[in-house]
Every structure is written in C-alpha cells, then in structure tokens.
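Biologist: Please put the model on the screen. I would like to go through its helix packing and its aromatic contacts.

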Amino acid sequence: RGTQEGESAEAVARELRAQGYFVVTIERVARPRPEQLEQLKRQVLAPVFYPVSSQHRAMFYSSLKALMSSGMNVSEAMGSLAKRTQNHTLRAAAAEMVDEAIRGRPMSGVMAKYPAAFPAVALAVMEAGEHSGLIELTADRLAKHYDRAFELEQMYRWHTFYPKILLIALIVIPTVPVLVMGSFAQWVSLVLTRSLPVLLGGTAL
C-alpha cells in the first residue's frame, strides 16, 4: 500500500505493473490546495506555536486609534498599518482589511481569519464597536487592555526569574564533581536524569 503520482488511475496502474507490483485497487487522493494549507497554518498552528504578543497587539490598536483620531478612515488607517506594523501576522491582516474596508465590509471578518493575532474576546469587542460605530474608542480600550496584559506578563517573568535560576542551580551544582572527575557524557546524563522529574511536573530533584 502506498501513493503514486500519475495523470490517471490507468496510467498509475500501468506504471506499477511495469515495476513488478500487483495492483489490487487504486484510490484517488486529493492534494491539499495551497489555500487550505495556509488556512490550516493561520487557524490551527499559528495560535499555538507563534501567537502575536500582547505588546504587538497593544501597539497595533494604539496606532489604529491614533490614525483614526487624525482623521483617517478605516481603509486609510489599515493601509498605513500594513506598511508600518512590525509583526508579519498583523501586517498581513491589516493589508487584507484595506480591501475589505474599501468594499464596505467590517474588519472583524478579517480578524476572525487570524486567531493568533485576534483572540475571540478581542474579536467580540471589535464587532460590538463596529455595530455601535465606535471603532476608535474600541481600539483605544483594546490598546489599554493589552498594555496592561503586557505589564502583567513582564511582572510575572521578573517574579519567576529568581526561582528559575535557583532551580537550575539546584539541578546543576551537585553534578559539577561528575563533570570534573568523570566524562562530559556522564555529566549530561546525570543532569537530564535530575531534570526529568521537574520537566514532568514533579518536585523531587
């Protein structure tokens, strides 16, 4: 059982028989289209493996609010963000929003395609802002929300920095004699053995 490319089922069967295979049945397998792969990447993989940070989200909404306050409409503001935004996911979303805004469609429709950049909560808030005609105010509120989220994330990283260093020291320092007196391979094996309970959520060192 396997896969073989060919112009038709008959052509594949002839080629396999020529190679000495006994063909029982042939099933067509459709290849994923490029747009399907891109959708899988955006909808499933991106939110898990490379979500947009709170800092970039805050900057995006803050810039949107500032641009609209200066008198730009949605399409103009998104056109500017598509050129200036550093994050590639937000940049791609902004470029797509330009076309949708020109067609008179809400930008929340594009936001739904990029869950790595626009979580469900932010999407719902923006939809409410679009329905009420308060996009500028909504962008300001989302910018403040993500600014605060970024501050909390920074505080968490700082408060957990010392425990992480202490944990590493408790794992590594007792193994130094093995590194000095033994081999590097023995030392690596011991470090991994001592680290395993921690990696698995245990407490024993």
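Modeller: Rings of Phe, Tyr and Trp (its six-membered ring) are taken as a pair if their centres lie within 6.5 Å. The model is predicted.

Biologist: Which residues do ring pairs link into a cluster?

Modeller: A search of the whole structure gives five aromatic pairs. Ring pairs join residues into a cluster, and its members are F60, Y61, F118 and Y146.

Biologist: Is the pair of Y61 and F118 stacked or edge-to-face?

Modeller: A pair of aromatic rings is described by the distance of the centres and the angle of the planes. For Y61 and F118 the centres are 6.4 Å apart and the planes make 70°. Planes over 60 degrees apart count as edge-to-face. The pair of Y61 and F118 is therefore edge-to-face.

Biologist: How many residues apart in sequence are the parts that this pair ties together?

Modeller: Y61 belongs to helix 3 (residues 54-69). F118 sits in the loop between helix 6 (108-111) and helix 7 (120-132). The pair therefore ties together parts whose separation in sequence is 57 residues.

Biologist: Are Y61 and F118 buried or exposed?

Modeller: The cut-off for the buried class is under 20% relative accessible area. Y61 and F118 both fall in that class: buried.

Biologist: How many helices and how many strands are there in the protein?

Modeller: Along the sequence the pattern reads α-α-α-α-α-α-α-α-α-α-α. The count is 11 helices and zero strands.

Biologist: Are helix 3 and helix 8 roughly parallel or roughly antiparallel?

Modeller: Helix 3 packs on helix 8 (residues 135-159) with axes 8 Å apart and an angle of about 155°. Angles over 145 degrees count as roughly antiparallel. Helix 3 and helix 8 are therefore roughly antiparallel.

Biologist: How many nonpolar, polar and charged residues are in that contact of helix 3 with helix 8?

Modeller: On the side of helix 3, the residues include A58, Y61, L64 and M68. They meet residues of helix 8, among them A139, L142, Y146 and F150. By class, the contact of helix 3 with helix 8 has 11 nonpolar, four polar and six charged residues.

Biologist: Which residues of helix 9 meet helix 8?

Modeller: Helix 8 and helix 9 (residues 161-172) pack at about 35°, and their axes are 4 Å apart. From helix 8 the contact uses R157, W158 and H159. Their partners in helix 9 are F161, Y162 and P163.

Biologist: What is the C-alpha to C-alpha distance between P47 and Y114?

Modeller: P47 is found in helix 2 (residues 34-49). Leaving out residues up to four places away in sequence, P47 touches K41, R42, P115 and A116. P47 and Y114 are 67 residues apart in sequence, and their C-alpha atoms are separated in space by 8.3 Å.

Biologist: What is the relative accessibility of P106?

Modeller: P106 lies in the loop between helix 5 (88-102) and helix 6. P106 counts as partly exposed, and its relative accessibility is 47%.

Biologist: What share of the contacts in the protein with a separation of 6 or more comes from residues 24 or more positions apart?

Modeller: The protein has 205 residues, and 29% of them are buried. Among contacts with a separation of 6 or more, the share from residues 24 or more positions apart is 48%.

Terms used: Residues are numbered from 1 along each chain as its sequence is written. This is a predicted model: local features need pLDDT of at least 70, side-chain atom pairs count only at pLDDT 80 or more; totals for chains, interfaces and linings use all residues. Side-chain values use heavy atoms; hydrogens and water are left out. Rings of Phe, Tyr and Trp (its six-membered ring) pair if their centres lie within 6.5 Å; planes under 30 degrees apart count as stacked, over 60 as edge-to-face and the rest as tilted. Helices (H or I, at least four residues) and strands (E, at least two) are DSSP runs, numbered from the N terminus. Buried means under 20% relative accessible area, exposed over 50%, partly exposed in between (1.4 Å probe, protein chains only). Axes are lines fitted to C-alpha atoms, for helices over the stretch in contact, and angles run from 0 to 180 degrees between N-to-C directions. Angles under 35 degrees count as roughly parallel, over 145 as roughly antiparallel, 65 to 115 as roughly perpendicular and the rest as oblique. Contact means heavy atoms within 4.5 Å. Ala, Val, Leu, Ile, Met, Phe, Trp, Tyr, Cys and Pro count as nonpolar, Asp, Glu, Lys and Arg as charged, and the others, Gly among them, as polar.
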